Amino acid sequence: EIYTEENTLSLHDALPIKGLLAMAPEEASVRQADGGWVTVPVASVVLGAIARVRPGERVPMDGVVSAGNTSINQAPVTGESIPVDKAVGDPVFAGTINETGTFEFEVNALASNSTLARIIHAVEAAQGTRAPTQGFVDRFAAVYTPAVFVIALAVALLGPWLFGWTWMQAVYKALVLLVIACPCALVISTPVTIVSGLAAAARRGILIKGGIYLEQARKLKAIALDKTGTITEGKPKLVAWEVLDPGIDAAAAEHIAAALAGHSDHPVSRAIAAGLRPNKVEAKDFKAIAGRGVQADIGGTVYVLGNHRLIEERGQCSAALEAMLRTHEEAGRTVSLLASGTGAIALFAVADTIKGSSREAVASLKALGITPVMLTGDNQATATAIAREAGIDEARGNLLPEDKLEAIKALQSKHEIGRASCRERVFSSV
C-alpha cells in the first residue's frame, strides 16, 4: 500500500495505525475522591470519571463537557475545518485538540471503545484485503508449484527406467521442466503490476489503499469524497465583510476589528486578522470571552468581536441582522460581529474555501458517469454550500467516521458496486 507522497511501498499495516494511535494521549489528568488531580494511564480510567484538559493538549477520551468553555479542533476526527466552541453538555472526542480554555469532562467511553479506537478498527479492516487477481494467483501457485515439482522429480527418477535415458539426461530434462513450468513469473508479475498501478495513481495525487480497490475502480458508479482538505483548502479565510452601521467609516471599522482579532489566538480571529489590512490602533484592557469572542477598549470605547450568540446575549440582534446571519450561515460561513455598546457595527464571514481544481475534478467524474457524493463531519449547511460550489449534487453533513462508513455501505447497496470510500478507506487526495 502507498502511504506517502514519495510513493513508499509498505509491506505491513504499521504506519497508518501508528499515526492514528499517536493522536490519542496515553495519559489523562483525572480528579480523585479528595478533589485532587492525578495523571493516570487512559486504560485505567473508568466510565463516569472527571478528566481535565488544558489548552494545547489533546483530549484523551470521549466524554461530555462538565465544566468550562473552550474551542476544540476536531479535524483529526470529524474533518471540520474550523474549531468548534464547546460548553457544558457538549460532546468531546479522543484525539481532538483543545485550542483555548481549560475544561473538565465526564468520560462516557472507555479508551478501547472511543471514536478514535473505532476509526483504527475500521482502518485495520480496510487494509486486510487483497486484490482478487492476486488471491487467485496465490491459490493457483499453492497447487501448481508442488505439482510441477512432483512431475519434475518423477521425470528425473523414472526417466531412465521408462524411456531409457541416462541419469544425466533425466536430470537435465527435469530441470528444464522446472524452469519452463515454474509459476514464478506469474506470481511475481501480479503484485508488481498492482504496485505499479498504485504508484502511478499516487504520482497523480490519488491514494488507493489496496489492489482490490484498484481492480474495482473500473466498476465505480459513485465515489464518496471528504470535504476538508480534499474538496476544500482546509484553512479558514476571511471571504466577506461589510459595515452595518452607516455612521461608521469602513476604514475605522476595519482597523478596530483588526486590532481585536490580532489579540486573539482563535483560528477564526486569526483568519479575520489575516484578511484585514494591518494597523496601529491600540487596544487596551483586552479580554477573551470564553466561547463567545473578545473585548477591548479602543479610543475610550469598549468594542467586542464575537459570534452570533454573544450579540444575542447583548440584546443587539435585529430581524434584519438575523436574516443576514442566516444567509451567511446557509452559505457555510462562520460569522463574527463587531459591536459597541450602541449596536452591531460590522460583519465578518470566515469560510473554508474550495480548491481551484475541485470543480474540474467533479466535472470529470460526472463525465465518466460517476456520481460524486460528499461526506463530512461539518454541519449540513456548510456541507450543502460547499457541495453546491464544487458542483456536487449530494452532500451529507454531521457525520462521524463510523457514520461515513454506514453511508458508504448505503451507496454500495444503492449502486451495487465494489467498495468505494472516503479519505479514511480507499481514495484520498494527497
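## Pocket and sheets of a predicted model

The largest pocket holds about 1100 Å³ of space, where a pocket is an open set of points on a 1 Å grid over the protein atoms alone at which a 1.4 Å probe fits, with protein on both sides within 12 Å along at least five of seven lines. This is a predicted model, in which local features need pLDDT of at least 70, side-chain atom pairs count only at pLDDT 80 or more, and totals for chains, interfaces and linings use all residues. Residues are numbered from 1 along each chain as its sequence is written, and side-chain values use heavy atoms, with hydrogens and water left out.

The lining of this pocket comprises 45 residues, with P83, D85, H266, N307 and T334 nearest its centre; lining residues have an atom within 4 Å of a point.

Strands here are DSSP runs (E, at least two residues) and helices likewise (H or I, at least four), numbered from the N terminus, and two strands pair if DSSP finds at least two bridges between them.

| Open sheet, by strand order | Pairing |
|---|---|
| β11-β18-β19 | parallel, 3 strands |
| β12-β17-β16-β15-β14-β13 | antiparallel, 6 strands |

Strand β18 (residues 371–375) joins β19 in the parallel sense over 3 bridges, and L375 stands opposite R396 in β19.

Strand β12 pairs with β17 (residues 343–354) over 8 bridges, and V243 stands opposite A346 in β17.

Technical notes
Grid points are joined across faces, edges and corners, and a volume is the space filled by probe spheres set on the points.
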